[in-house]
Amino acid sequence: MKQRYEKRAFLNESDVLYLIERGYNRTMAEALSARGVTEQNYNSFFGDELCFHSPFDMVNMREAAETISYLMETGGSVLICGDYDADGLSASSILSLFFTDNGIENNVIIPTRDEGYGLHADKVIRAFKRNYYDLVITVDCGISNAEEVAKIVEELGVEVIVTDHHELPAVLPDCLCVNPKLGYDYPYLSGAGVAWKLVEALVGREAAAKYSVLAAIGTIGDIMPMQDENRSIVKLGLANFNHKNLQKLAELSRCSASPSCSDLAMKIIPKINAAGRVGYPDVALNFLLCRDKTDTVLCEKLLELNDERKRIFDGIIAESDEMCDVEVIYKEKMVFLYSEKWNHGLLGIVASRYKEKYQLPAIIMTRDGDDYVGSARGIDSVDLFEIFTSCKDYLVKYGGHKSSVGFTVAGDKVSEFRQALVDTLSAIDNSCFVKRRYYDVEIGESKVEDVMALSCKLEPVLPQDKLICRVKDVVKFANSFGKDNSHLSATLSCGLEVKGFFKYGRYAPFIRNGANVDIICTLETDSYTKKVCGIIEDLTLLNSVRLDDYYKLNLLKSFSTDTYESADEDQIVKAIGSDSAIAVFDDYETFIAYQERYDFSRYYVDIFFDSGNCGNTVVISPLDDYSFDRYEHIICFAMPSKRRTLPQKAIYANVTPANDKLYDLELSREICLSAFSALKRKGKFDSVKGVFDKYLLSKMSYPQYLVALRVFQELNIIKIVDDYTVEFPPTEKQDLANSSIYRCFQR
């Protein structure tokens, strides 16, 4: 069996030894090394020292600074061309506020999502018709717009400076280009980070600190690595959180008194992004430019636009979910969806949703005139920008990073573009599409309070980069809560309370009576109890005798009396050895017994629930909603007479169960009559399960009751509408022997 969780590997033994000398135990030292802490950068992580490089080490920075300094000395004017996300907006605001503070006339133009990302020459030309400018500066865009820059220079005769951080295209604009990827000690700055370094080059670091909070917004908003200079920019920005409108938005968003990196990432930046996503980037720009006084109207407008963004997003997801063919998605190794009318601004977060859901690259597009514009999001092990570069012949334009790409494709090239993506992705090894779940420390080897202390010392960190703990323990108590009971709260034997949101509530019935679990989680301080709790990143059920009853119940809910042709041994072995297979067992003991016969060393193990791991899987007692669509081969190991219902392509292997009691039931006429009589007595507020608890506990087992219900449904004696509603259709008197289910279990 493959281990679902893997400890993150430390990077360098000498750094581990250095950290041990600094007082950390071996486990903590390895965790810090794995997160990039070295002897060289230790002080920048944990000391007062900030890691900044000279801005003049960046290619073309000195020339750009000299050009701008001359313009400032001669009283020239500047047109700033930004982009509509948090990075582009904050980068635009940095330069605009800087020029305004220094008495330089300037203006900012931001494209709407409908106009599309990047530099738009026509928009610049229109701006010049209203007012002449002596210089055009791009921020967070322009590096992939050689033709646009050439058009601006040719038609307007104005000098252009491109400042950007995106991946370098084959052809650069014919102008001064400032991009850390052209040459710099740290190439992973955000667009706002590059703009801030430009200000630093002009007036020095101390004076530039005034604008650092905006650089922090762009760095966090574009999910830049929280290392080296980015870490220092964010530290400096959080220490200079002196922006009145941002302070007000933080208050309205219920951030802590001194907002953290996570506060900005989760509560502030999504609201700034929302304005651009729904077509009003100028609202966010004006909000960011309002630094020295609070504009409550703008703050409230951002909140309204964020609510609008949520509403539109929910509508797109509802529509796009209907378009998803899971079997096609896994065959093509990507999610590829498009519409004639989806909101341009939400394509990126829709792509992110599907990337997370399927652990595959997601490409989402919408019609834009004769073309389609789109956003793509990639997984860690696949370079999305490289893939799009290989398919560039089908694109009008594209740009972005390894994990995020914006693009435009001609309307008549969509099918060819899709096939080119499929061809490229098919050449990538399947192992790259298996989600790897890493952890840093194991609770037990390390104390909760020590891990929490280290997590706090590592700040600032992005929410997705927090230390991950692994804890294998027994659940003492568990309960579901929230809307539709979708959230989980569980207390472990070690005393740690863990919480899981949106999908983990379904685990509560299975673990509340003492099940064994394997969990990876982050740690945070609960705002109400002030105690440290774990926020679940992933949860795996481990086999336990307490699960035996559930194995039996799940089988009885889904078994079929249909006959199946058993597969031959060669067919079973070949299917198990394939790269896309799932093996289904009714209980864990039988799976263990058959490991001696078949090779499951490449398989992960699920119990009840679909982990979405994407690799070959053994599933024990799958629930009715378990998804088999992504697998080419399904092999069911079961008794011939009591096999669970599975998709049509499944093949069946006859087994001798390791646990005979799993299939024992002894159904009788008396038991069925008692169950039917109890259902007839059901009160309005009694659930179907409640009928058993109220009337039948002493007369039969719950599995017998469930099978009796299936007998009644097969004979059309009852219809179970929902958990509380049972209907009794008019029907002729039925003989129980007419039920294949009854005959299967008849005593």
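Author: Begin with burial. This is a predicted model, and in it both Arg 4 and Asp 606 are buried.

Reader: With which residue does Arg 4 form a salt bridge, and how far apart are the closest N and O atoms?

Author: The general idea is a distance test: a side-chain nitrogen of Lys or Arg within 4 Å of a carboxyl oxygen of Asp or Glu. Here Arg 4 pairs with Asp 606, with the closest N and O atoms 2.8 Å apart. Arg 4 sits in the segment before β1 (5-7) and Asp 606 in strand β21 (residues 604-607), so this pair ties together parts that are 602 residues apart in sequence.

Reader: How many salt bridges does a search of the whole structure find?

Author: The search finds 32. One of them joins Asp 440 to Arg 35, again with a closest N to O distance of 2.8 Å. This pair also links distant parts of the chain, 405 residues apart: Asp 440 is in the loop between β12 (437-439) and β13 (441-442), and Arg 35 is in the loop between α2 (26-34) and α3 (42-46). Both Asp 440 and Arg 35 are buried.

Reader: And the salt bridge of Glu 340 and Arg 367: which parts does the pair tie together?

Author: The side chains of Glu 340 and Arg 367 meet at 3.0 Å, N to O. Glu 340 belongs to the loop between β7 (335-339) and α17 (347-358) and Arg 367 to strand β8 (residues 362-368), so the parts tied together are 27 residues apart in sequence. Glu 340 is partly exposed, at 49% relative accessible area. Arg 367 is partly exposed as well, at 27%.

Reader: Which residues are linked in a network of salt bridges?

Author: Lys 7, Glu 13, Arg 26 and Glu 30 are linked in this way.

Reader: Next, the sheet. In what order do its five strands lie?

Author: The general idea is that strands of a sheet pair through backbone hydrogen bonds, either parallel or antiparallel. This sheet is open, with mixed pairing, and its order is β7-β8-β9-β11-β10. At the edges stand β7 and β10 (395-400), each with a single partner strand, so one side of each has no neighbour in the sheet. Direction ignored, neighbouring strands are turned by 15° against each other on average.

Reader: How many bridges join strand β9 to strand β11?

Author: Seven bridges join β9 (residues 371-377) to β11 (residues 404-410), and the two strands run antiparallel. Within this pairing, Tyr 372 has Val 409 in β11 as its bridge partner.

Reader: Which strands does helix α19 lie across?

Author: Helix α19 (residues 414-426) lies across β7, β8, β9, β10 and β11, and runs at about 165° to β7.

Reader: How do I read the packing of helices α22 and α27, and at what angle do they pack?

Author: Take the angle and the distance between axes together. Helix α22 (residues 548-558) and helix α27 (residues 702-714) pack at about 10°, with axes 9 Å apart. That angle makes α22 roughly parallel to α27. Among the residues that meet are Leu 553 and Leu 556 in α22, and Leu 706 and Val 707 in α27. The contact divides into six nonpolar residues, one polar and three charged.

Reader: Last, is Ser 668 buried or exposed?

Author: Ser 668 is buried, with a relative accessible area of 5%. Ser 668 is placed in the loop between β25 (651-654) and α25 (669-680). Leaving out residues up to four places away in sequence, Ser 668 touches Tyr 742 and Arg 747.

Conventions
Residues are numbered from 1 along each chain as its sequence is written. This is a predicted model: local features need pLDDT of at least 70, side-chain atom pairs count only at pLDDT 80 or more; totals for chains, interfaces and linings use all residues. Side-chain values use heavy atoms; hydrogens and water are left out. Helices (H or I, at least four residues) and strands (E, at least two) are DSSP runs, numbered from the N terminus. Buried means under 20% relative accessible area, exposed over 50%, partly exposed in between (1.4 Å probe, protein chains only). Axes are lines fitted to C-alpha atoms, for helices over the stretch in contact, and angles run from 0 to 180 degrees between N-to-C directions. Angles under 35 degrees count as roughly parallel, over 145 as roughly antiparallel, 65 to 115 as roughly perpendicular and the rest as oblique. Contact means heavy atoms within 4.5 Å. Ala, Val, Leu, Ile, Met, Phe, Trp, Tyr, Cys and Pro count as nonpolar, Asp, Glu, Lys and Arg as charged, and the others, Gly among them, as polar. Two strands pair if DSSP finds at least two bridges between them.
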